[in-house]
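Here is a short report on one protein model.

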Amino acid sequence: MVEFSWPVRVYYEDTDAGGIVYYANYLKFCERARTEWLRAAGVEQDVWLAQGIGFVVRHVALDLQAPARFNDTLTVTVEPKRIRRASIECQQQVFNAAGELLCVADVKAACVNLHTMKPVAIPGPILEVIGRGS
């Protein structure tokens, strides 16, 4: 499975009073990168949402190693680690422009029926493209 990366700029709204990225915003950066990873693989989530299928984060663990600051340019990676019948486990990393590792996120997302909020098998067309690392 291939690693994917996505650029992010730190805006003032992403920071706390000290100008450092507020920890919860790393989750937003990671969410954007996962969305773009799926989009790059040809998976447009709105198409699946219209069919009542979506991905919800079931578990996340953040390891914050160094701060990002206002106006930094970051790179957020997505590396699928395990794809199961109804879930995807990814490791995501956030680096600054100097290549310093700032954050590691381990994320498990479940595929659910949005009407019942029960797990369902990841649809074949999605599995096909994410399973081969497109």
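Which residues are linked in a network of salt bridges? They are Glu36, Arg39 and Glu44. A salt bridge here is a side-chain nitrogen of Lys or Arg within 4 Å of a carboxyl oxygen of Asp or Glu.

This is a predicted model: local features need pLDDT of at least 70, side-chain atom pairs count only at pLDDT 80 or more, and totals for chains, interfaces and linings use all residues. Residues are numbered from 1 along each chain as its sequence is written, and side-chain values use heavy atoms, with hydrogens and water left out.

**Salt bridges**

The structure holds four salt bridges. Among them are these:

| Pair | N to O distance |
|---|---|
| Arg39 and Glu36 | 2.8 Å |
| Arg39 and Glu44 | 3.2 Å |
| Glu79 and Lys81 | 3.5 Å |

Side chains of opposite charge can pair when their charged atoms come close. Arg39 and Glu36 both lie in helix α1, three residues apart, about one turn of the helix. An α-helix has 3.6 residues a turn, so residues three or four places apart point the same way.

Glu36 has a relative accessible area of 17%, so it is buried. Arg39 has 38% and is partly exposed. Glu44, at 31%, also counts as partly exposed. Lys81 is partly exposed at 47%.

**Helix α1**

Helices (H or I, at least four residues) and strands (E, at least two) are DSSP runs, numbered from the N terminus. The buried residues of α1 are Asn25, Tyr26, Phe29, Cys30, Ala33, Arg34, Glu36, Trp37 and Leu38. Gly42 follows α1, with a positive phi near 95 degrees.

**Nonpolar core**

A nonpolar core is a set of buried Ala, Val, Leu, Ile, Met, Phe, Trp, Tyr and Cys residues joined through side-chain atoms within 4.5 Å. The largest one has 31 residues, of which Trp37, Leu74 and Val94 touch the most other members. At least two residues of this core come from each of β1 (4–9), α1 (24–40), β3 (73–83), β4 (87–96), β5 (101–113) and α3 (124–131). The most come from α1, with six residues.

Contact means heavy atoms within 4.5 Å. Leaving aside neighbours within four places in sequence, Leu74 is in contact with Trp6, Pro7, Val8, Val10, Phe29, Ala68, Val94, Phe95, Asn96 and Leu102.

Ser87 is found in strand β4. Its relative accessible area is 8%, so Ser87 is buried. Not counting residues up to four places away in sequence, Ser87 touches Arg82, Lys108, Ala109, Ala110 and Ile122.

**Surface patch**

Tyr22, Tyr23, Leu27, Val57, Val60, Leu62 and Leu64 make a nonpolar surface patch of about 580 Å². Patches are made of residues with over 30% relative accessible area and no salt bridge; like charges are joined within 9 Å, and nonpolar side chains (Val, Leu, Ile, Met, Phe, Trp, Tyr) within 5 Å. Areas come from the Shrake-Rupley method with a 1.4 Å probe; for residues, only the protein chains shown count as cover. Strand β2 (residues 53–64) gives the largest share of the patch, four residues. Val60 lies in strand β2. At 33% relative accessibility, Val60 counts as partly exposed.

Key. Buried means under 20% relative accessible area, exposed over 50%, partly exposed in between (1.4 Å probe, protein chains only).
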